[in-house]
Amino acid sequence: MNIALNEMMETIRMVQMENLDIRTVTMGISLSDCADSDFEKMNKRVYEKIIQYAGNLKSTAEAAEKEFGIPIVNKRISVTPIAELLGNATKEQAVELAKTLDKAAATIGVDFIGGYSALVHKGIAKGDQTLLDALPEALSVTERVCSSISVATTRTGINMDAVREMGLIIKEAAERTKDRNGIACAKLVVFCNPVEDNPFMAGAFHGAGEGEVVLNVGVSGPGVVLNALRRHPEADLGEVADIIKKTVFKITRAGELLGRVVAERLQVPFGIMDLSLAPTNAMNDSVADILEEIGLERVGTHGTIAALALMNDAVKKGGAMASSYVGGLSGAFIPVSEDEGMIRGIEDRALTLSKLEAMTCVCSVGLDMIALSGDASPATLAAIIADEAAIGMINKKTTAVRVIPVPGKREGDIVEFGGLLGRAPVLGVNQYSSEKLIRRGGRIPAPLQSLIN
């Protein structure tokens with residue numbers, strides 16, 4: 001990549017004044033060859049293989065960020081969906097394997113390790129069920145382990161038996177960590193149409209179509225986009241889209257350069273650039289602020305979905321021009337607890353759970369880091385998952401649910417999660433029951449859109 005001097009100077013400004021960072025470098029590692037009917041052997045192989053490939057991930061990334069002057073906020077690992085390794089393992093052994101993943105992540109010094117996952121969008125195999133049974137305990141006794149469960153795809157429909165079970169699992173995980181505001185649920189994502197090369201947590205896993213090892217990069221830069229728009233307060237919407245597109249082009253170039261350097265030094269293949277605008281709780285580093293700069297008095301008001309669609313499309317176009325290897329989720333995240341503008345929208349009663357759900361039709365993922373009242377029932381949680389899965393299934397896009405029913409909290413309370421996870425106002429849920437719908441179980445058939453051959 002040929003990077004001109006003016007690009008370097010512009011990048012320095014974006015880092016120093018506009019919160020530009022590389023949100024994550026995530027090493028994906030295949031654990032397929034670790035499978036063994038002898039659990040102790042498998043457990044040992046998993047640990048040793050993660051250490052073998054990712055042992056120098058943190059130090060190499062830190063050296064590169066100091067050399068180039070661009071922060072790399074998170075260093076992460078994703079692995080083969082663990083349910084595929086469990087076979088005849090017991091629930092207790094599945095929990096033990098989660099502890100092994102946590103130990104490996106702690107030894108290496110990475111922030112999170114993803115892939116304590118199962119793909120159950122069409123059915124639940126023996127290893128899948130073992131992982132699901134172990135999930136609440138596994139997430140409550142580990143710090144760095146993240147889980148994602150696929151319950152739906154456009155090609156298969158929605159596995160409502162799995163959806164029902166996820167409602168129960170989320171509720172139990174919250175109760176097991178009620179002394180920490182249900183934090184276990186912050187490490188659990190329920191997917192429709194998951195991607196195999198996602199570098200972001202908690203949803204990352206190393207898919208079956210991936211190689212032995214790969215380095216995927218997730219860039220960020222809401223602050224950079226916001227500042228670019230502020231320099232053009234009178235631009236029409238076509239010009240706004242162009243400004244966003246050109247800005248994301250620059251962000252992507254910087255991210256890919258640094259990602260390729262880290263991959264080369266680790267002697268692993270470079271995978272993809274995920275273009276997602278991922279906010280933080282820092283001032284002026286908010287996706288909601290961008291939408292308000294486009295022209296909304298407060299995020300959540302009428303026009304929010306149109307502004308979000310414009311922004312998301314421009315992000316994809318700018319990134320696709322900058323890199324030939326765009327992948328992951330690539331769009332805009334709207335995590336409530338990690339975005340000060342989203343929190344402000346809820347506190348001012350402009351933004352609701354229903355509006356957030358509608359916004360997921362045109363953004364990158366789905367309902368993300370949303371605190372719900374502790375009295376939300378498992379059936380209600382399952383119904384929220386089903387709604388979001390239906391949006392993804394019909395629209396042929398990735399959607400997800402990461403919600404936290406905070407034990408003992410009511411609508412309007414504020415809960416603190418700490419660090420990158422931030423804080424969140426608690427949202428209430430519809431008081432009318434979805435119990436009968438969820439109790440029916442079975443599978444919602446794939447839509448007509450699935451017949452694409």
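1. The lining of the largest cavity divides into eight nonpolar residues, one polar and one charged, where Ala, Val, Leu, Ile, Met, Phe, Trp, Tyr, Cys and Pro count as nonpolar, Asp, Glu, Lys and Arg as charged, and the others, Gly among them, as polar. The residues concerned are Val 151, Val 190, Phe 191, Cys 192, Ile 385, Glu 388, Ala 389, Thr 399, Ala 400 and Val 401, and two or more of them come from each of strand S7 (188-192), helix H14 (378-395) and strand S11 (399-406).

2. The model is predicted, with local features needing pLDDT of at least 70, side-chain atom pairs counting only at pLDDT 80 or more, and totals for chains, interfaces and linings using all residues. Residues are numbered from 1 along each chain as its sequence is written, and side-chain values use heavy atoms, with hydrogens and water left out.

3. The volume of the largest cavity is about 30 Å³, and the count comes to one cavity of 30 Å³ or more. A cavity here is a set of points, on a 1 Å grid over the protein atoms alone, where a 1.4 Å probe fits but cannot get out, and lining residues have an atom within 4 Å of a point.

4. Helix H5 (residues 91-108) packs against helix H6 (residues 126-141) at an angle of about 45 degrees, their axes being 8 Å apart.

5. In contact (heavy atoms within 4.5 Å), Lys 91, Ala 94, Val 95, Ala 98 and Lys 99 of H5 meet Thr 130, Asp 133, Ala 134, Glu 137, Ala 138 and Val 141 of H6. By class, this contact of H5 with H6 has six nonpolar, one polar and four charged residues.

Definitions and conventions:
Axes are lines fitted to C-alpha atoms, for helices over the stretch in contact, and angles run from 0 to 180 degrees between N-to-C directions. Helices (H or I, at least four residues) and strands (E, at least two) are DSSP runs, numbered from the N terminus. On a 1 Å grid over the protein atoms alone, a cavity is a set of points where a 1.4 Å probe fits but cannot get out, and a pocket is an open set with protein on both sides within 12 Å along at least five of seven lines; lining residues have an atom within 4 Å of a point. Grid points are joined across faces, edges and corners, and a volume is the space filled by probe spheres set on the points.
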